Number of protein chains: 2
Amino acid sequence: MQPTSVPMAEPVESERCDAARNRALLLDAAALLVAERGADAVTMDAVAARAGVGKGTVFRRFGSRSGLMHALLDHTESELQNAFLFGAPPLGPGADPIDRLVAFGRARLSMVEVQGDVLRAVENSPELRFGGPARQVSLTHVLTLLRESGTVGDLPLLAHSLLAPLEASLVLHQVRDLGMPIERIADAWEDLARRVTST
Amino acid sequence: MQPTSVPMAEPVESERCDAARNRALLLDAAALLVAERGADAVTMDAVAARAGVGKGTVFRRFGSRSGLMHALLDHTESELQNAFLFGAPPLGPGADPIDRLVAFGRARLSMVEVQGDVLRAVENSPELRFGGPARQVSLTHVLTLLRESGTVGDLPLLAHSLLAPLEASLVLHQVRDLGMPIERIADAWEDLARRVTST
């Protein structure tokens with residue numbers, strides 16, 4: 001069989017591709033900086049240096065440091081959302097709803113480990129803390145899993161109560177101030193989730 | 001039997017008494033203002049007017065608006081602490097530990113209804129949010145009740161997870177933005193507490 005002829009990408013397409021790659025490269029550099037030295041260390045200069053590009057490129061792409069931080073959060077949230085909406089089980093569709101819920105909690109907690117300072121910066125903004133679209137997607141996901149699992153009770157409020165212990169500010173306090181390993185926090189959250197859904 | 005002779009209170013004692021009454025009067029006025037119009041409405045002028053005293057009295061007593069807000073929080077927290085440490089059951093000693101836990105959750109939630117904006121202002125301070133003495137006392141109380149109830153598991157983290165949904169910022173979001181009645185939130189928290197402790 002002859003391969004079907006695929007039209008060559010237009011130059012404009014290839015430029016768009018370069019732009020996306022460039023963006024991902026810069027966001028990866030920023031994420032590494034956060035993981036290594038905290039959100040405060042993420043400056044436009046530091047990201048440019050880390051990614052090996054000029055500072056102008058970072059400014060052209062994100063406009064400001066605040067724009068970069070929001071893009072970084074969107075990037076991480078999108079990855080998590082993709083994983084729980086379309087990815088492989090147990091996080092993605094196909095597994096038992098409680099197992100998916102547990103996998104979701106663990107995934108959020110490992111996100112806090114990497115993106116904690118960025119998440120906390122957003123939580124500390126009164127507008128974004130509860131009203132942000134990322135939290136809404138997570139809330140809907142948890143609520144859906146609770147419904148699918150046949151859990152009874154006031155499910156919207158139960159979903160709030162399950163998300164509350166996953167907040168970055170609390171988790172960072174537990175890890176940094178109280179010295180609790182993230183694995184212990186994840187085990188305790190799994191235990192919580194299984195207890196409240198076992199009824 | 002002759003009544004034992006009780007020494008008359010010295011003038012200095014009576015002054016101290018006046019000062020305490022004055023302080024309570026001003027804090028009550030401030031608490032009413034918060035309940036009626038939110039924490040932003042609590043100015044030194046408004047508190048003085050409400051309590052029917054001169055503005056100088058409010059300044060002499062609390063030093064600044066920030067001093068007043070902290071005193072207001074201490075006042076409310078002390079009342080709650082007294083009630084759960086020394087008060088009547090089910091909140092105070094003597095009742096079943098799970099019933100005490102439920103009463104504690106309900107008492108905290110009604111405190112949020114009245115003092116929500118003040119509590120939220122403290123939660124929004126990174127230093128006070130988790131490190132404050134008030135939260136430490138509540139955490140210890142919940143942990144003690146969990147132990148007494150014979151609940152198994154990672155009790156310190158379970159105590160964190162039970163306190164997290166009671167945070168003023170979240171509760172105010174549920175009440176004001178989502179229109180949930182505080183009674184519904186209290187019922188859902190009781191349900192949560194009973195589920196996690198029933199194991």
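Which side chains meet in a salt bridge with a distance of 2.7 Å, N to O? The legends below concern a predicted model, and the second view gives the answer.

**View 1. The contact between chain A and chain B.** In this predicted model, 30 residues from chain A and 30 residues from chain B take part in the contact. The area buried between the two chains is about 2500 Å², and carbon and sulfur atoms give 62% of this area. Phe130(A), Leu157(A) and Arg195(A) supply 26% of the area that chain A buries against chain B, more than any other three residues.

**View 2. A salt bridge between Arg184(A) and Asp154(B).** The side chains of Arg184(A) and Asp154(B) meet in a salt bridge, with 2.7 Å from N to O. Across the interface of chain A and chain B, two salt bridges are found. Eight residue pairs are in polar contact between chain A and chain B.

**View 3. Helices on the side of chain A that touches chain B.** Four helices of chain A, namely H6 (126-131), H8 (155-163), H9 (168-177) and H10 (182-197), each supply at least two residues of this side. H10(A) gives the most, with seven residues. By residue class, the side of chain A that touches chain B holds 14 nonpolar, nine polar and seven charged residues.

View 4. An unreviewed UniProt entry lists residues 43-62 of chain A as "DNA-binding region". Over residues 43-62 of chain A, the chain is 80% helix and 0% strand. The end C-alpha atoms of this segment are 12 Å apart.

Notes: Residues are numbered from 1 along each chain as its sequence is written. Chains are lettered from A and ligands numbered from 1 in the order in which they are written. This is a predicted model: local features need pLDDT of at least 70, side-chain atom pairs count only at pLDDT 80 or more; totals for chains, interfaces and linings use all residues. Side-chain values use heavy atoms; hydrogens and water are left out. Contact means heavy atoms within 4.5 Å. Buried area is the accessible area (1.4 Å probe) that two parts lose on being put together, summed over both. A salt bridge is a side-chain nitrogen of Lys or Arg within 4 Å of a carboxyl oxygen of Asp or Glu. A polar contact is a pair of N or O atoms within 3.5 Å; within protein, one must be able to donate a hydrogen and the other to accept it, and residues adjacent in sequence count only if both atoms are side-chain atoms. Ala, Val, Leu, Ile, Met, Phe, Trp, Tyr, Cys and Pro count as nonpolar, Asp, Glu, Lys and Arg as charged, and the others, Gly among them, as polar. UniProt positions are given in the numbering used here, feature names are shortened, and annotations may be inferred rather than shown by experiment.
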